[in-house]
Amino acid sequence: MNTDRRRNNAPNGGTSAPVFARTIRDSEYLEKLRPSRSRGPNELRRIFLQTSIIPSASGSAYLEIPSSSSATSSTLIPPTSCLKITASIQGPKPLPRSAPFSPSLLLTTTVKFAPFATRSRRGYIRDSAERDLGVHLETALRGVIIGERWPKSGVEVVVTILEGDEDGWWGDSASEGSAAGSGWGLLNVLAGCITVASAAITDAGIDCVDMVCGGVAAITRNPESRHEKELVRILDPCPAEHKEVVAACVVGYLASRDEITEIWMKGDVGADPDALIEGATHAAMGSLAVVKEVLLEALEAKFHGQTEGNDAGLKRKAHDVEMTGGA
Amino acid sequence: MATTAPQPPPALTFPRPIFAAVSPHPFLQAHLSAAKNKSLRANGRTAREFRVPGINTGSLTYCNGSAVVRLGNTSVVCGVRAEILKDEDIPGTYEYPGQTAGEDSDDEDEGSEMEGLRLLVPNVELSTGSTPSHIPGNAPTTYAQTLITRIRSLLHSTRLLHASDLRILYRSSTNPEDPDTEAETQLKGYWVLYLDVFFVSIDGNAFDASWIAILAALRDTLLPRAYFDEEYEGILCSDDPKEAQRLSLRGLPISSTFAVFEGRKEDDEGEADWVLSDPDAFEEGVCRETVSIVVDCEGGKKGTKDLVVRRVEKSGGGVVGRETMGGLVKRSIDRWGEVSKVLEGKA
């Protein structure tokens, strides 16, 4: 670990995460804790979205996708996490005088995991996975924003992940190491980032050609089937709930124009990648329904407040929408 | 609300936000001096009014303790994460004084144990888009570094945590040297607490908000029972919540921050300086002098009558004298009652 003189550092010798006795002694007990998917293959998780959470930013949003498997209170081992992401838009504001002329809006995206966002603690300095996510998010958003309307200006999109999806079930990664390192969780995180950043951009009132939304689909090996090889396509996978994910795909999808601004596919897709991409767009349409409803409600609340002469603050309304897949 | 600047004609009339942006100081003064006996600030609070905190604990999955605190438009997430420092990794030649140091005695040694070994690692992140002045991609600003230094020194100087809570001890079942006597207790490691404070949104008074968040998260923290396993030759933990232990905190120090607004004197009437409780971002921008007072009333049985002043920080000007400071301590005591009620979940 490199020392960072501007922050408080851990003891020099380094610390290790606690090891729970029953995880190394009692594998049957461990197997009991394994989460499993209780949703249908085309059913998405519930989405909680809220806009205008940061008054000093021009636009902001908070997204939460709670974990579908219920938390057990009988153990201290953290259960599968949910996704919690905030996005904040600073700008558009004029570029500094020293910057070269730019005919369109300069978009800067920053994605950062909080140190407590994942099962193993993360550092404060951005690592390669975070920078990678930032680039992917930028591609997804760049295709949507009408940048020509803001020459010589820049906008900052700052996304903070307070809690991220896991790459696999923690019990697997400890014993076999099969699911770890494959980065399935990152796809879910990216889809969440795209959706929440898009909601924040709309909240900031930056002109866009359409709403972009993220969606994930995956191909998993079905454990119950008699044929070991049978594959199932699912929408909005939670990687911890599956023993083996074969392939996964995330898209940034513009529903009304039927366009894709960002696509990231991983794994052994097989002969027909189109089915997987289509699944991901269906998932994106599901989250679009929620985003639209939340934004509409925020707008209504704003105008309602103005007509009553009570413009002291936006009425913030939490909203929770139950969804079924768009398929 | 007075929206016209008190200037000779031509009288200018602005909408509120523009007046506030163009000339913030007269804007706030116009607000404060609008009513003779009851001065209201631009945000609708009186000068002595704090924002009521909203506290939510235990919302983060991967933390031993966590809290989300809202103070008006300032919102903070704090996660406490415990990891193990093994005895072979302890730097230097630190000697565990043994059981004789006492579990209950408040000896001075504990401080050096916690501070010297860096068992508490607090950090603050402001550049999450929470405010336009902290854009990510840069190193922590001096403001962020000052904030975290103040928090760390307050953590250590109030001696909030017991070092005995963080020690992982081991007593062998048999004594290899002398089978008749009991084996000596050995120190096998420490719990290290990472306190990460993430600002979601900042609207002034970042210090109070992060301190309340840290307090709430520490009160929520559940440390699993850790023991040295002979077979495994390492430290293992039990995942049974019944065996886990809460941290015991020494007292309940709560900080209150005030900003001094120095009005410009036009004529000889009325007061020209106001001490504003719990300033928001706009007020912090126009005030130079700030006072932070940390009080703790939990020591005695008499509630808020029995107080200890744990820390006084004042900088930036010379308005607050001895009498004013006395008044501010009283205001901090009232604030202590308010915040502790919310922390206990009574309000």
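Partly exposed denotes a relative accessible area between the buried limit, under 20%, and the exposed limit, over 50%. The exercises below concern a predicted model.

**Exercise 1. Classify the two partners of the salt bridge between Arg221(A) and Glu244(A), and locate them in the chain.**

Step 1. The side chains of Arg221(A) and Glu244(A) form a salt bridge with an N to O distance of 2.9 Å.

Step 2. Glu244(A) has a relative accessible area of 37% and is therefore partly exposed. Arg221(A), at 26%, is likewise counted as partly exposed.

Step 3. Arg221(A) belongs to strand 6 (residues 212-221) of chain A, whereas Glu244(A) sits in the loop between strand 7 (231-235) and strand 8 (245-254) of chain A. The two residues are 23 residues apart, and the pair links distant parts of the chain.

**Exercise 2. Determine which elements of chain B are joined by the salt bridge of Glu344(B) with Arg219(B).**

Step 1. The closest N and O atoms of Glu344(B) and Arg219(B) are 3.3 Å apart.

Step 2. Glu344(B) lies in helix 8 (residues 322-344) of chain B and Arg219(B) in helix 6 (residues 206-220) of chain B, so the bridge ties together parts 125 residues apart in sequence.

Step 3. Both ends are partly exposed: Glu344(B) has a relative accessibility of 38%, and Arg219(B) one of 28%.

**Exercise 3. Describe the interface of chain A and chain B by its contacts, its buried area and its salt bridges.**

Step 1. On the side of chain A, 58 residues are in contact with 59 residues of chain B.

Step 2. The area buried between the two chains is about 4,900 Å², and carbon and sulfur atoms give 56% of this area. In chain A, the residues that lose the most area to chain B are Asn8(A), Phe116(A) and Arg121(A), together 16% of what that side buries.

Step 3. Three salt bridges are found across the interface. Arg7(A) forms a salt bridge with Glu125(B), in which the closest N and O atoms are 4.0 Å apart. There are also 20 residue pairs in polar contact between chain A and chain B.

Step 4. Helix 1 (21-25), strand 3 (83-94) and strand 5 (153-163) of chain A are the elements that give two or more residues to the side touching chain B. By class, that side has 25 nonpolar, 21 polar and twelve charged residues.

Note on methods:
Residues are numbered from 1 along each chain as its sequence is written. Chains are lettered from A and ligands numbered from 1 in the order in which they are written. This is a predicted model: local features need pLDDT of at least 70, side-chain atom pairs count only at pLDDT 80 or more; totals for chains, interfaces and linings use all residues. Side-chain values use heavy atoms; hydrogens and water are left out. Contact means heavy atoms within 4.5 Å. Buried area is the accessible area (1.4 Å probe) that two parts lose on being put together, summed over both. A polar contact is a pair of N or O atoms within 3.5 Å; within protein, one must be able to donate a hydrogen and the other to accept it, and residues adjacent in sequence count only if both atoms are side-chain atoms. Helices (H or I, at least four residues) and strands (E, at least two) are DSSP runs, numbered from the N terminus. Ala, Val, Leu, Ile, Met, Phe, Trp, Tyr, Cys and Pro count as nonpolar, Asp, Glu, Lys and Arg as charged, and the others, Gly among them, as polar. Buried means under 20% relative accessible area, exposed over 50%, partly exposed in between (1.4 Å probe, protein chains only).
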